[in-house]
Amino acid sequence: MKDEFKNSLENWLSEKFKRQCKIVNLNYLSGGACLENILMEIEFSDNQEHLKLVYRSDTGSTLYASLPRDIEFSILEIVHKRGIKTPRPYFLDENKKFFLMEAIPGKSDVRYITKDPSLNSLRPHLVDQLAENLAKIHSISFENEDLDFLLKINNHKYPFHPSQWALEEMKREVENLDEPHPAMYLVLNWLEENLPQNEKICLVHGDFRTGNFMVSEKGLEGILDWEFAHLGNPDEDLSWFCLKDWRFGQYKKEAGGLIERKTFYELYEKYSGRNIDPHSILFWEVMGNLRWAVGTVAQAERHLKGKTKGIELAAIGRRTAEMEYEMMRLIENAI
Amino acid sequence: MQYKPNSYEILEAISEFLRKDILNYTKNDEKLSYKTLVSWNMINILMREIDQEEQILINEIHKLSKLLNLTIEIPLTFIQKRERLMELLKMLIKEIKEKKISSPEHPYWKFTKELLKNNLSISNPRYIEK
C-alpha cells in the first residue's frame, strides 16, 4: 500500500473512530472472486489498544453479478444485526469504493476445513452451525426487513419468480459465449420444463460454500464474501453448498465436503422449520452447475482478455466440461 | 521444420522438471506451490491433447455429421478440423433450440455426453470415476 494512501486511510479511520490511530501492520489476503482484501492492524494513540480490521475494495475487474461495495456493506449490516455469524461491519467509504469490517479468527482454507484431522471431532458441530446460520440468512425477507435496495439492483418487482429469472439470466449468458456448448442448451431446455413452483423469496448468500466461511478449533467463526447476495429461492444456497466442485475431493460428503447431504438438510429443516423439496433442490443444483460452468468460461476470459492474467485463471477454462458433465449426470440420475 | 525432440517430448521434459525440481522447491510457499501444480497439470493435459485430440476431432466430426444427416469431408489440418467441428456443433445447437430437446434418451443428448467424455479424457481423465 503506497504511503500516501496509507496516510490518508489513517486520517480517515481516525475521523471515523473519533480517536487518533495508525496502521501498524498490513497483510494482503486472497480475495473473493474479484476483490481486494487487506488485513490491517491499527493502534489507537490514546491507550495503545490494537484492533484488527479487513479492508475490502474493488480491483477493477468485477464479475457480472458482483454487488457494489455499498450494497454488500448494507447486507453485512443486516445479517450481522440478525446474529448471523459474520464479521462486524465498521465503516463504508463515502465514495463507496471500500469498507472496513472486523477481522475474525480462523481459516477459510478448504483443505484444512475438509481434511485436517484436528477438525475431525468438530465437523458435526460445524455442520450444525452452518445449517443454523444458513436458516437464519433465509429467515430474512420482505416480511421483516426493508430489502427494496436489492430489488432495484436486479430491476425486479416483488413478488417475482426466482427460478424463471435465473433461467432468463443464464440464457443470456450462454448465448454470449464464443464457443458452442450444446450441453448448456440441452440443460437450459430441461430447466425450463422443470421450474419449481410456489417459490419462497428471501435473502440468499449466493456463494455459500466451503471456502467462504472461517473455521477455527472452536467451530464456525464467520460467513464471508457477501458480494453475490441477492433476493432469491433459498434452495439455491442449499444446492450450491452441495455442488460436486465444492466437495474438494470428499465426494461422498456431498454437503460441502463435510458430511452427507441428508444430515445437513435435516439440520437445516430443523432450524428453518421448512421442508426441503427434492425437485427444487435438483433444479437449483443443475442450475448451479450451469452457472459455475459459465463462470469458468468467464474466469478464463479474464486471463485471455488480459484483465487479470494468470495460470490459475487460464486453467479454469479447461474445467468447464466437468460442470457440464455433472449437470447432465444429475438429470439422467433423476429420471 | 523443427528438429527433435517433438512438442510432446519437450512438454514431457518440462513436466518432469516441474515435478522433480520445482514442486519440492516451492512447497513452503503455498501460492507458488499451487501455481506450479496447476502448471504441471496443464502440461500433462497438453501432452494428452497432442497425443489424442486430432483423432477425437475426426471421430466427432464423423459422428455428428451422421447425426445431422450431412456428408462432410474431413479437413486436412488440425485447425480446420476444429473449425469444422465448431460449425457442426453450432448446427446441433440450432436443432436443440428449435426442437427444445431436453431428454437424456435423445440421440443429441447421448452424443453431447460422449463429447464431454472425450473432452474429460484429456482435461481430467479421473473425473468420471469420482
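In chain A, β1 and strand β2 (residues 35-44) pair in the antiparallel sense over eight bridges. Strands count as paired if DSSP finds at least two bridges between them. Strands (E, at least two residues) and helices (H or I, at least four) are DSSP runs, numbered from the N terminus. One bridge joins A:Leu29 to A:Asn37 in β2(A). Strands of a sheet pair through backbone hydrogen bonds, either parallel or antiparallel.

This is a predicted model, in which local features need pLDDT of at least 70, side-chain atom pairs count only at pLDDT 80 or more, and totals for chains, interfaces and linings use all residues. Residues are numbered from 1 along each chain as its sequence is written, chains are lettered from A and ligands numbered from 1 in the order in which they are written, and side-chain values use heavy atoms, leaving out hydrogens and water.

Now the whole sheet. It is open, has five strands and runs β1-β2-β3-β5-β4 (chain A), with antiparallel pairing. β1 (21-29) and β4 (89-92) of chain A each have a single partner strand, so one side of each is left without a neighbour in the sheet. From one strand to the next, the twist averages 25°. Angles run from 0 to 180 degrees between N-to-C directions, with axes fitted to C-alpha atoms, for helices over the stretch in contact.

Two helices of chain A pack on this sheet. Helix α1 (residues 3-17) touches β1, β2, β3 (50-58), β4 and β5 (98-102) of chain A, and its direction makes about 120° with that of β1(A). Helix α2 (residues 69-81) touches β2, β3, β4 and β5 of chain A, at about 150° to the direction of β4(A). Contact here means heavy atoms within 4.5 Å.

Next, the rings. Rings of Phe, Tyr and Trp (its six-membered ring) pair if their centres lie within 6.5 Å; planes under 30 degrees apart are stacked, over 60 edge-to-face, the rest tilted. The count comes to 20 aromatic pairs over all chains. A:Phe208 and A:Phe213 form a tilted pair, 6.3 Å centre to centre with 35° between the planes. Both A:Phe208 and A:Phe213 are buried. Buried means under 20% relative accessible area, exposed over 50%, partly exposed in between (1.4 Å probe, protein chains only).

A:Asn212 sits in the loop between β6 (202-204) and β7 (213-216) of chain A. A:Asn212 counts as buried because its relative accessibility is 4%. Not counting residues up to four places away in sequence, A:Asn212 touches A:His205, A:Asp207, A:Ile223, A:Leu224 and A:Asp225.
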